[in-house]
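Have the sequence and the model open as you read.

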Amino acid sequence: MLERGLAAVAGRTIVVTGASSGIGRAVALALAPAAGRIVCLARRTDLLSEVAAEITARGGTPEVVTLDLRDTAAATATGYDLADAEVLIANAGHSIRRGVLEYADRFDTLSRSTGVNFLGSVALALPILAGMASRGNGHVIGVTSVNATLPAPGWSAYCSSKAAFDSWLRAIGPELAPANVAVTAVRFPLVDTPMVRPTYGARPRGAMSVDAASAWILRALATRPAVVEPWWVRPAEALTALAPGTSARLIGRGSMRRH
C-alpha cells in the first residue's frame, strides 16, 4: 500500500505544510524519491533548509516556502503562487493545553489556534483547490485530530479549531468530487512530535510515531478516502452521544495525563 501511495504522487508537485518537523517532515522525506517537486512550507526557515537538504539527498526536488499561516493574506497569496500543485498535505498545527478560565483574558489563545489549524490552512488551500478543479485532478489531505469529534477538557482552543477544519474538509469533499478532486481528513490520535512534548514529556505514553503517521498519509494518497481515523473513534463517538458527561470525564483524564 505504501508503494501505491508513492506511485500516486510520482512526478507530481506536492505541498506539505508544517514540513519543518514532526509529521510534515516525515511525510516530505518519505515522498522525496517519488514526487516531482516537494514544496516544504513552515515558519522556521532554518529547519526547512535542513529538510530540503535531506530531500535532495534522497533524490527529491525540494522548494522552501517560509510562511506563518496566521497571516491569512500571506497564506492566500502563497496559495495563488502554488496553484499548480497537484497534492496538498495540510499538516501544520498549533496545540495549546489551557483551561477556558486560564484564557478568559487571553483571546489570542483562540486566534492563534484558529489561525494555524483552520483559517490559515483554508486560506492557503482555496487557490490550490481552484487550480485542481480547473485541471480536473487533485488531492487535498487535511490533518485534523481525533479530538475534532471527541472534545477534551483543557484543550478547547485546539479541539474547536481542529473540529472547524475537519468539518470544512468533510463538507467540501462532495462538492469537489465531480471535478475529480479528492478530500481526505486524517484524524490522528496523539503523535510523538516536538509539539506535544512540552505537555506529554520526551516519551509520550501510547503515542504514535511520526513514521507510522506518515504511513497513514501515504496510504490515503493511494486510496483517497474521505476520512482516516483509528478504529476506536466510532465507538467513542457513540459513547459521547449516549453519555456526554461520562465521556468528557474519561477523555479529560486521558488528555491531561502527562506521561
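**Sheet, helices and one alanine**

Q: Which residue stands opposite Val-186?
A: This is a predicted model. Strand S6 covers residues 181-186 and pairs with S7 in the parallel sense over two bridges. The residue in S7 opposite Val-186 is Val-228.

Q: Which are the edge strands of the sheet?
A: The open sheet has seven strands, with parallel pairing. Their order is S3-S2-S1-S4-S5-S6-S7. An edge strand here pairs on one side only, and those strands are S3 (62-66) and S7 (227-228).

Q: At about what angle to S5 does helix H8 run?
A: Helix H6 (residues 156-176) lies across S4, S5, S6 and S7, running at about 155 degrees to S6. Helix H8 (residues 210-223) also lies across S4, S5, S6 and S7. Its angle to S5 is about 150 degrees.

Q: What separation do the C-alpha atoms of Ala-220 and Ala-8 have?
A: Along the chain, the two residues are 212 residues apart. In the model, their C-alpha atoms are separated by 9.9 Å.

Q: How many disulfides does the count come to?
A: Cys-40 is buried, at 0% relative accessible area. Cys-159 is buried too, at 6%. A disulfide needs a pair of cysteine sulfur atoms within 2.5 Å. By this rule the count is zero.

How values were computed
Residues are numbered from 1 along each chain as its sequence is written. This is a predicted model: local features need pLDDT of at least 70, side-chain atom pairs count only at pLDDT 80 or more; totals for chains, interfaces and linings use all residues. Side-chain values use heavy atoms; hydrogens and water are left out. Two strands pair if DSSP finds at least two bridges between them. Helices (H or I, at least four residues) and strands (E, at least two) are DSSP runs, numbered from the N terminus. Contact means heavy atoms within 4.5 Å. Axes are lines fitted to C-alpha atoms, for helices over the stretch in contact, and angles run from 0 to 180 degrees between N-to-C directions. Buried means under 20% relative accessible area, exposed over 50%, partly exposed in between (1.4 Å probe, protein chains only).
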